[in-house]
Amino acid sequence: MEQHEAKPDAAVEEQAQGTPPAPDDRAAMHSRRVFLFKLSLLMNGAVGAVLAVPIVGYLLGPALRKRTSENAWIDVGKVADFPEGQTRLVDFRNPVTSPWDGQSANIPCWVRRISGDKFQVFAINCAHLGCPVRWFAPARLFMCPCHGGVYYEDGSRASGPPERGLFEYQHKVEGGSLMIYAGKMPTLAAKNCTGPRLTQIEPAAAIDASAAPKATSLENPGSESWPA
Amino acid sequence: MAGMKQVAFRVYDWFEQRLGLGQPLIEMAEHQIPESTSSWWYVFGSAATVILVLQVMTGILLALVYAPTAGEAWNSLQFLDHNVKLGWFLRAMHGWGSDFMVAIVLIHLAQVFTFGAYKYPRELTWMVGVFLLLLTLGMAFTGQVLRFDQDAYWGLGIGASILSRVPFIGGALVDIMLGGPIIGGETLSRFFSLHVFVIPGILLALVGVHLWMVVRLGINDWPMPGRIVSRKTYMADYHKLTQKNGIPFVPDAAWKDAIFAAVIMLAIMACALWFGPFGPSGQPDPTIIQTVPKPDYPFLWIYAVLAYLPPSLETPVLFIAPTIAILAMLLLPLVAGEGEKHWSRRPVAVLMLLVIAVSLGVFTRLGMYTPWSPIMNAWSSDPTPAADLKDRTPLERAGAIVFETKQCRNCHSIGGAGGMRGPALDSIATRMTEDQMIRQVLQGGGNMPAYGDALSPAETTALVHFLDTLRQGHAPSAIDASKRLADATPAPSGQAAPAPGRH
C-alpha cells in the first residue's frame, strides 16, 4: 500500500495487516525513530535548561539584591526629643516597602541617648531568635519574652541564650535630627558576631581593661554596629 | 423502580465502557488482606487521609474570603470570624483539623514503627511516609504564618533568625525566605503560595504514591514473635497468609477505618464548635512589642529546646540534629529491613519510641508555660505577699519596694507569683548569707545579670535586708561557716587561715 510507505505508524500498520513491510525496512525506520526520539529529548532538555535560567533567577532575586538598595538613612526624631540618659522606643516606616505591607513595615527600634550627640540605636530584634526585646528602665535591662535573653543598657549580653549583644544601627546627627541607617531585618547572617562571645561575669579589672580603649567610640562590647 | 435501576446500570455501563476505572477500583477495594489486619490499630492512616480531604475542602472555602496580603490578611480573618456567616466555624474546622492531622500522623507513625511495618517490602512506603510527616509539619507551620497575627509575625522572625545561622549561605536563605528586606508583603505571599499550592501539591502526590504502595504490597501483617521477615521468603509467606485466611478489605476491614474516620471528624467538629477558631492574636504590627510570641503546639517542643541549648551549641545542634534525625528515619528500613517485627522482640525500638515520645511531651509541656522567660509584667502585677511585710523594719520594707520596682519579680517568684527564670526567693535567706546576696545582686552570676549599675548602695542595702527576712517557717538564716572558722583561727600563725572574702 502506498499509504503505508508514506505514513508508517502503528495504527496504519494494523490496518495494513495484509502486507507487512520487509523486516529490513522496519528496522531502519525503527532506528531512525529512536534517533529522532532521543533528539527530541535532547531538545526538550535544552529548552528546560534555558527556561530554568529565568525561573531560578526569579526565585533567587531577593538574595541577589544590592545591599545599598535595601538600606537608607532615616530620620527618627529630633535630638531634643530624646532625654539624656534615657532609652526610648521609636517607630519608623521601613525605607524599602510595598503598599500592601501594611503595618508590618512599621519598624520599631530602641534609641539610647547617652549624652549630647552620643547615641546608641538598637534593633528591636533579640540577637537570639529575633523576638522583640523590651526595655526595663528601673532595672536598666532589655529583656526578651521568647527565651529570656537579657541585655544591659549598652546592648551587651547580660544572660540567657543570645550569643552576642543587641544589633545596633549606624546613626548620625544631622540638622538636629537623629538619623539611622536601616531597612533590612537584622539577623546573625547580616552581621556576624565578631565581638567577645559569651562574656558572662568577668572580674571588674578585666571589664575595665576591655572597656577602656572603647570608651570613646561607645561601642558595645558584645556586638558591633549593624549594618557596618 | 426496576426501570430506574436498569437506567442506572446503563448509565454506569456507558461511563465504564469509556473510563474503564470502575472494575479496577472495585478489585482494589476488594483485594484480599490477612484477617489479622482488620484491627483498630490499623485505622490511623486512613483517618489522616480523610482529615487531609477535610483540610483541602475547608482550605478552599477559606480562600474564598481570605486576603493574602500583609496589610489585609489579619483584617480578612476578623471579617471571616465576625462578618461571614459560619466563617468562624470554617476557620475553627481548618485549625482543629490541622492539630488533629499532626496528632494522627504522629500516632500513625508510632504505630507502623511499633508493628515493624517499615521492613521488607514496605521500605519505600515508610520513606515516603517520612516525607509526608515533614510536609504535614510544613503545612502546619505555613498555615500558622497565614494566620498573619503577632505570633505569626514573630514566628517568621524566629524562622528567619534560625536560617540566618546556616553557615555561608544563611543571609541568602533569609532573603529568599522573606522575599524582601523585612517580614512583609512578599513574605506572606510566598507562604501563601507554599501553603496553598506547593506543599499540598507534593503532599497529595506523595499520598497517592503511599496509598498505591499500600495496595500493591498489601497491608502489613499483624506481627508475631518469631515470624522473621526475610527478603527471600516474605512475599510467598504473605501470599499464603492472604490465601489461607484472607478477607476482602472492603467491607470486612474497611468498616473499622470508616467508623474511626467518622469519630475523628465528629471530634474535630466538636472541638471547632466548643473551642472556636485559633486567634488571630494581636495585629501583625511590629511596633506593638507588648507581646509574648509563641508557636502553635506542633512546634512548642522546638521552641522549648531553643531555650535550653547552651549558646555555643545552638547553631550546630539546630542544623545537625534535624539532619541526623531525618536521615536516620529515612535509612531505618534499609538498615533494619529484615528480622523480627514483633515489639516484644525489639526492645531497643520500643525504648527509643518511648524516650522520643516522652521527650517531645516534656518539651511541649515546658513550651506551654515557658519557665525560662521573664514574666514581663510580674513586677507591676504581682503584689508582695502581706506576710513578707508584716512586722518588718522601715529599711526592710524599703527593700521590698526596691524588689518590686527594680523588676526582680520578672524572674524571681515570691509566694508562688512571679517569673521562674531565676530561683524562687521565698527562702533565699536560708541558703545565702547577706554577703553572698550582695555579691550576687551587684555582680550577677549563673544566669543573672549584674545589677551594680542599676542599684544605688542604699537600694542594695535595703534590698538585701528585705531578702534577709525571706525565710519560710522561721527557718534559721544561712551562716557563713568559713567566716566563723576564719574568725576563730588565731591570727598571727596564719598559714591555715583561709583567704578573706573567699567562700
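## Where the chains meet

Let's begin at the interface: 60 residues from chain B and 54 residues from chain A make up the contact, where two residues are in contact if their C-beta atoms, placed from the backbone, lie within 7 Å. This is a predicted model, in which local features need pLDDT of at least 70, side-chain atom pairs count only at pLDDT 80 or more, and totals for chains, interfaces and linings use all residues. Residues are numbered from 1 along each chain as its sequence is written, while chains are lettered from A in the order in which they are written.

On the side of chain B that touches chain A, at least two residues each come from helix H7 (150-163), helix H8 (170-178), helix H12 (300-308) and helix H13 (311-335). Helices here are DSSP runs of H or I with at least four residues, strands are runs of E with at least two, and both are numbered from the N terminus.

## Chain B overall

Chain B has 19 helices and two strands. Its C-alpha trace spans about 110 × 60 × 50 Å along the principal axes. Among chain B contacts between residues at least 6 apart in sequence, 77% join residues at least 24 apart.

## A look at B:Ile51

Which residues does B:Ile51 touch, not counting residues up to four places away in sequence? The partners are B:Gly97, B:Phe100, B:Met101, B:Ile104 and B:Ile264.
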